[in-house]
Amino acid sequence: MRHPLQALHEGLLRLEIGGALVSGAFVLVIMLAGCAEIVGRGLFNAPIHGYLDIIEQTMVAVALFGVSYCQATLGNVRMTLLIGAMSGRPRWVAEAVSLLVCLFVALILMQGSWNHFLRAWQIGGSTAEIDIPTWISTLLVPVSFAVLSARLVLQILDAVRVAVNPDTDPLVIPVSDHGHGAADEPKGDGTWTP
Amino acid sequence: MDPVTLGFIGVGLLVALIVIGVPVAFAAAVIGIGGLWYMRGIDTAIGLSGIVPHATSTSYELSVLPLFIAIGFLALHAGITRGAFQAARLWLGRAPGGLATATIFASAGFSAVSGASTATAAVFTRLAVPEMEQRGYDRALAAGVVAVGGTLAALIPPSAILVIYGILVEESIGRLLLAGIIPGIISMAIYMVVITIVVKRNPSLAPSLEPVRMIEKLKSLTQVWGILAVVGVILGGVYFGWMTPTESAAVGTAIILSIAATRGMRLVELKAGLLETVKTTAMIFMVIWGVLVFVRFLAFTGMPAMVTDAVLHLEVAPWVILMGVILLYLVMGMVLDGLGMLILTLPVIYPAIIALGYDPIWFGVLVVKMIEIGLITPPVGLNCYVVHGVRPDIPLEQVFRGVAPFLVGEVVIVAILVLFPEVVLFLPDTMMN
């Protein structure tokens, strides 16, 4: 029988990949908008009405919709010099503590951005050129941090589970053993560090 | 507690959290939130930090980042990398250490579309190292060259880390991108000189290749037009003031996407490229948010202003302080990754350096150069680990041994940047509005 953590992980991952793909599609929207703006402005002296508004509001989804997917695939840069040198129970206790710090931050940002959304909703602000209501983009922030918090809770439960029984393998946390102070990411063509 | 002392404690705790393995973005944010909570109460901490993600994401200037990152991932699928290496090999193969030089040249070309150091090193470890081994090249030299070649990505536009620097210190992204070009070319030239000297001293390290007909050389150039187009659009557009950095990146992405499509990129590859783009974009934004929360806390403590004041009252020449900063980056580069170094140093060091009269654009290029040197210095030279990670049969010590001669070259490059700031500032200063 499948472990409940694994089932939750797979369900959440589907949501995260969906969000990341929407974010990727918005990257292409920004690309198209940029090209259209140049053509419109350069050739026809007719810039796109609301170009800046579109880019700025789209960027919220681009930046936010991938945060949980990034955490799910351990994409956040961190040093593994110390933690990578550990093994067994101490390693997973340390992972759980590190993830708890992340969860604390995610919850604070969720609460703060929710307050920010409520203000935008009550005041009813909109963008300067084409009047897009700003509450839409402000709402995306707490929603994204809520998904990130759910991901972190799963990872913490997984780390605690392995810490209690170090002979088992993690179900939710991708295993990487770079242990050399590098970004904790899969190495290969997709690796990115500036 | 005295606020300035609290600021110093905050920096110390941040270092501790990063070292014990908390992701850099979350480590910076938690210290920032904790500090604001202690000084101003929980409501202020939640309120101030909660605004940051939305306020930062809706910045037009930042929209350049996902596009630059997308260019890099799509370029891989477009086969541009292999084409660049083959062209460089045919043109430079006969020179002393020609394949190694070709690798540097092609790395620079790939950097022009990727902007990511470790990605460049990983790609060329797969592409160039086997070819150099096959031609009898010394393995340490081959490994060292790909590790060093990757560092060019930070200077040659589009450089993601220069964009991050620009956002953190609120400097013009367009000027920063232009500022990296000449130092990038100088770095490339000096790496080539190092290869030539090393091979002249010991020709057995790199046997020379057989001659190639001119027609083949000319044919190979058709493989690199994509790179030339992207570089031309990004630099030309920004330099002549025709486009904003975001617009030039949009056109660059469209060019690369078109090339990838004509070369048969499948939907599944586009999906993979976009997922990598989004993952990297989210990672960078998380870091930016974390740093900005941390910087808000530091500003409340007054610590950066105090450090600036103390530095200005030091009875030593500004260049001595600058040397101290360079040395600090060199030491930090041995144990920290690039983003970690930027976060820890910029909020405190940047105001002091600017108060001493140094140019912010020039300092950005210098900082990024120092970070890149950190990528190839032991014990935590990330590029060297990437080479070793892709090719576990090449021992890490061998990679570091291969990199060693280039570190001498790096000293020369840093000296040029410090002694002749014009090489950095010439292009941005003549840029048209």
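I started with Trp135(A), which is partly exposed at a relative accessible area of 29%. The model I am reading is predicted.

**Entry 1: the partner of Trp135(A)**

I looked for a ring beside Trp135(A) and found Trp121(A), with the two ring centres 5.0 Å apart. Their planes stand at 85°. The cut-off for edge-to-face is over 60 degrees, so I logged this pair as edge-to-face. Next I checked where the two residues sit. Trp121(A) belongs to helix α4 of chain A, and Trp135(A) to helix α5, residues 134-164. They are 14 residues apart, and the pair links distant parts of the chain.

**Entry 2: along helix α4**

How many aromatic pairs are there over all chains? I noted 16. One of them is Trp114(A) with Phe117(A): centres 5.1 Å apart, planes at 45°, so the pair is tilted. Both residues lie in helix α4 of chain A, which covers residues 88-123. I wanted to know why they are separated by about one helical turn. Being three residues apart in the helix accounts for that.

**Entry 3: exposure of the tilted pair**

Is Phe117(A) buried or exposed? I read 7% relative accessibility for Phe117(A), so it counts as buried; the limit is under 20%. Trp114(A) has a relative accessible area of 38%, so I put it down as partly exposed.

**Entry 4: joining the rings up**

I then traced the ring pairs together. They link Trp114(A), Phe117(A), Trp121(A) and Trp135(A) into a cluster. Its members include buried Phe117(A) and partly exposed Trp135(A).

**Entry 5: a charge over a ring**

Which residue lies over the face of Trp92(A)? I found Arg91(A) there, at 5.7 Å from the ring centre.

**Entry 6: chain B as a whole**

I turned to chain B and its secondary structure. I noted 22 helices and zero strands. The radius of gyration of chain B is 22 Å. The globule rule gives 22 Å for 433 residues, so chain B is as compact as a globular protein of that length. Along the principal axes, its C-alpha atoms fill a box of roughly 75 × 45 × 45 Å.

**Entry 7: inside and surface of chain B**

I looked up burial next: 64% of the 433 residues of chain B count as buried. For contacts between residues at least 6 apart in sequence, I noted that 80% join residues at least 24 apart. Last, I read off the accessible surface of chain B, about 14,900 Å². Carbon and sulfur atoms hold 69% of that surface.

Conventions: Residues are numbered from 1 along each chain as its sequence is written. Chains are lettered from A and ligands numbered from 1 in the order in which they are written. This is a predicted model: local features need pLDDT of at least 70, side-chain atom pairs count only at pLDDT 80 or more; totals for chains, interfaces and linings use all residues. Side-chain values use heavy atoms; hydrogens and water are left out. Rings of Phe, Tyr and Trp (its six-membered ring) pair if their centres lie within 6.5 Å; planes under 30 degrees apart count as stacked, over 60 as edge-to-face and the rest as tilted. Helices (H or I, at least four residues) and strands (E, at least two) are DSSP runs, numbered from the N terminus. Buried means under 20% relative accessible area, exposed over 50%, partly exposed in between (1.4 Å probe, protein chains only). A charge sits over a ring if NZ of Lys or CZ of Arg is within 6 Å of the ring centre and within 35 degrees of the ring normal. The radius of gyration is taken over C-alpha atoms; the globule rule is 2.2 Å times the number of residues to the power 0.38. Contact means heavy atoms within 4.5 Å. Accessible areas come from the Shrake-Rupley method with a 1.4 Å probe; for residues, only the protein chains shown count as cover.
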